[in-house]
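Please read it alongside the coordinates.

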Amino acid sequence: MIPVTVRNVVFGQGRPKICVPIVAETEEGIFRAAEEIRSLPADLVEWRADWYENLEQPDEVVKTLRLLRGWLGEELPILFTIRTEKEGGQARLEPEVYASLNIRAAESGYADLVDVELFSGKTLVDRVVERAHGAGVKVILSSHDFSQTPPEEEMVSRLRTMQEWNADFLKLAVMPQSTRDVLALLSATVAMREKYAERPVITMSMGADGIVSRLAGEAFGSCLTFGCAGQASAPGQMGAEDLKTVLDAIHRAVK
């Protein structure tokens, strides 16, 4: 696996990096969240734009991205994400609108990464990846299952497909129904690291049962974990400061 550097943050080596999401409907709410994040141990900020009240107005999206970059400063990478309803988010968008918004964000000069859902289909994914890469922006291909944990072979297959489709990061989030499901997710992560991954992998088992997967990425092969500042963007997220304490302790023990 080859590490990926975004601004000055290196993903894929050392302890898992911490991504703090911004989940707010208004520009004022986004500003308040950005102010709070500046005092937290964030390595990456995710703007969950599917919560934004003006999501379907591209000019407003780009304007808010520009303001967010100013509020956060130049060091923190920004990940632009539109999470659709079918994968646990708020957005109901036609595929063309979804693709266009991601491309506008990538080409705005203010986002460093965009998240594109794997099940958007290869034609859409190829288009967004090509335009994002043309703008020097990294792409996270992602798959989320809020109802179950697929078989290990299926999870590995999804991650390998993301890699084949030229993503810079491969992301999988699933919901466990038992602790054995958590073990399956971790096993799939190890299989990717040991056999297939040429680029950084991000995996997590959601909810309370899956909390260990958010903490043990360094041991199993996940390069990024999510910690919240206020409202969590997915079940099982810890506060960013508590998360850093645990990750640092694990890093000192395993390095």
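1. α2 passes α3 in a right-handed crossing, that is, with the near helix turned clockwise from the far one by less than a right angle. Helices here are DSSP runs (H or I, at least four residues), numbered from the N terminus. The model is predicted: local features need pLDDT of at least 70, side-chain atom pairs pLDDT 80 or more, while totals for chains, interfaces and linings use all residues. Residues are numbered from 1 along each chain as its sequence is written, and side-chain values use heavy atoms, without hydrogens and water.

2. Helix α2 (residues 58-72) and helix α3 (residues 95-107) pack at about 35 degrees, their axes 10 Å apart. Axes are lines fitted to C-alpha atoms over the stretch in contact, and angles run from 0 to 180 degrees between N-to-C directions. P58, D59, V61, V62 and L65 of α2 meet L101, R104 and A105 of α3, contact being heavy atoms within 4.5 Å. These residues comprise six nonpolar, no polar and two charged (nonpolar: Ala, Val, Leu, Ile, Met, Phe, Trp, Tyr, Cys and Pro; charged: Asp, Glu, Lys and Arg; polar: the others, Gly among them).

3. Helix α1 (residues 27-37) packs on α2 at an angle of about 25 degrees, with the axes 9 Å apart. The two helices α1 and α2 are therefore roughly parallel (angles under 35 degrees), and their crossing is right-handed.

4. From α1, E27, I30, F31, A34 and I37 meet K63, T64, L67, L68, W71 and L72 of α2. The residues of this contact divide into eight nonpolar, one polar and two charged.

Conventions:
Angles under 35 degrees count as roughly parallel, over 145 as roughly antiparallel, 65 to 115 as roughly perpendicular and the rest as oblique.
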